[in-house]
Amino acid sequence: MEFLKIGDRSLLYPIIQGGMGVGISLSSLAAHVAGNGGMGIISTAQIGFREDDFYKNPIVANLRAIKTELQKARDLAVQVFENSFKVSEQAAGFIDKLKNYKPFIGFNIMVATNKYADYVIEAVKAGADIIISGAGLPVDLPELVQKAQEISDNEKRTCIAPIVSGRKSAKVILKMWDRKYKTTADAIVIEGPLAGGHLGFSYDELHELGADTMASRNYKREKYDAEIKEIIEEVRIYEEKFGKKIPVFVAGGIYTREDIAHVISLGADGVQMGTRFVTTYECDAPDDYKQTYINAKEEDIVITKSPVGMPGRAIRNDFMDRLKSGPIPIRHCHNCLSHSICDRKTIPYCITDALCSAANSDENHALLFCGSNAYRATGLEYVKDIMHELTEDMK
Ligand SMILES: Cc1cc2nc3c(=O)[nH]c(=O)nc-3n(C[C@H](O)[C@H](O)[C@H](O)COP(=O)(O)O)c2cc1C
């Protein structure tokens with residue numbers, strides 16, 4: 001078993017736990033995934049929603065929470081790592097190799113976030129191993145990371161990884177980083193149409209791919225597989241140009257070891273998974289959020305309109321049904337999205353209110369984001385068991 005190199009860091013298993021806001025992937029989930037050899041990702045989306053001053057001063061609260069959540073995750077990941085590997089892997093002769101292993105933990109920061117640059121800078125200063133950015137093209141990410149690196153005393157550089165959904169966006173971002181900054185990505189995440197949260201596809205594209213409803217029956221996998229191969233081809237151009245490996249992780253609808261094997265057979269290096277990790281004991285979401293996944297049937301998983309201007313996938317509930325009769329008035333703006341994206345006068349509801357309600361167990365006002373596989377959970381699992389199951393043939 002070789003470690004996967006990402007920038008100048010190493011990852012034991014090629015499994016990223018996708019960033020999930022608001023309050024779904026914080027320090028607990030990220031630490032347990034990282035401590036079991038995967039990559040733990042904390043979402044910065046309203047990360048400070050539990051801070052006392054969040055309502056009054058959300059950006060200050062969020063920036064503060066970046067540092068505290070990462071520190072909490074690092075401390076916990078070390079303990080989890082020691083517990084997970086000390087006995088079980090000794091027999092497999094792993095222990096020597098793992099002696100200097102450091103759990104891999106970073107942040108997901110959406111480009112659409114208001115004050116995106118401040119979040120990136122804070123994450124680098126806090127010592128993030130990686131920043132993964134989607135929901136827009138992270139055009140300035142290399143420059144922001146470089147600047148923050150100069151004022152931080154981190155030993156290692158924070159890696160950068162864009163999230164793309166098609167060859168076109170992969171080409172645009174890699175070409176731009178090359179031209180403008182003479183640099184390239186440390187990793188790429190390809191997020192397909194079965195993913196949870198906001199999706200980088202139009203309603204028509206989702207429909208054409210059979211990913212709008214009942215994906216287990218309708219999804220046209222070969223069609224998107226062809227796109228994945230094309231994106232990988234594009235990435236290889238930059239691997240060659242920069243003389244470095246750029247690992248590619250595929251996200252969206254990855255649930256089992258067979259799903260991982262399938263995308264590896266397409267040329268990917270690993271996967272990013274969100275939904276499977278929500279129904280774990282260690283996930284930061286409240287219990288009733290997890291229970292809604294467990295109770296959901298496939299027909300309850302629907303595509304909905306988000307104020308971000310992208311379609312999103314969520315579990316149908318009373319809140320979504322109420323939206324059909326018109327917009328829900330906004331009482332207070334949390335300044336979460338840049339105002340060029342979110343127009344208070346025209347949005348159907350406030351995304352922060354809806355996601356914070358989900359994280360605070362107020363289901364009547366909650367938007368419950370999920371991936372197309374959310375209905376498959378039958379009960380809560382431990383992260384360690386999931387990681388064992390997924391990596392059994394990687395050791
Ligand atoms: C509840 C939930 C919240 C999410 N929030 C974010 C987010 O804040 N930023 C982001 O880039 N992706 C977000 N995602 C996408 C995940 O990071 C991941 O890429 C995706 O869910 C993978 O698909 P899967 O859920 O089928 O495994 C979210 C997904 C879920 C299920």
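The buried residues of helix 1 are S27, S28, L29, A30, A31, H32, V33, A34 and G35, where buried means under 20% relative accessible area, exposed over 50% and partly exposed in between (1.4 Å probe, protein chains only). This is a predicted model, in which local features need pLDDT of at least 70, side-chain atom pairs count only at pLDDT 80 or more, and totals for chains, interfaces and linings use all residues. Residues are numbered from 1 along each chain as its sequence is written, and side-chain values use heavy atoms, with hydrogens and water left out.

View 1. Helices (H or I, at least four residues) and strands (E, at least two) are DSSP runs, numbered from the N terminus. The elements covering the buried residues include strand 4 (39-43), helix 2 (58-86) and helix 15 (383-391). After helix 1 comes G37, with a positive phi near 95°.

**View 2. Strand 4 and its pairing with strand 5.** Because five of its five residues are buried, strand 4 is largely enclosed by the rest of the structure. M39, I41 and S43 point one way, and G40 and I42 the other way. Strand 4 pairs with strand 5 in the parallel sense over five bridges; pairing requires that DSSP finds at least two bridges between two strands. Opposite M39 stands F104 in strand 5.

**View 3. S165 in the loop between strand 7 (159-164) and helix 6 (167-181).** S165 counts as buried because its relative accessibility is 16%. Its side chain reaches the backbone oxygen of E191 at 3.1 Å. Not counting residues up to four places away in sequence, S165 touches E191, G200, F201, Y224, E227 and I231, with contact meaning heavy atoms within 4.5 Å.

Technical notes
A polar contact is a pair of N or O atoms within 3.5 Å; within protein, one must be able to donate a hydrogen and the other to accept it, and residues adjacent in sequence count only if both atoms are side-chain atoms.
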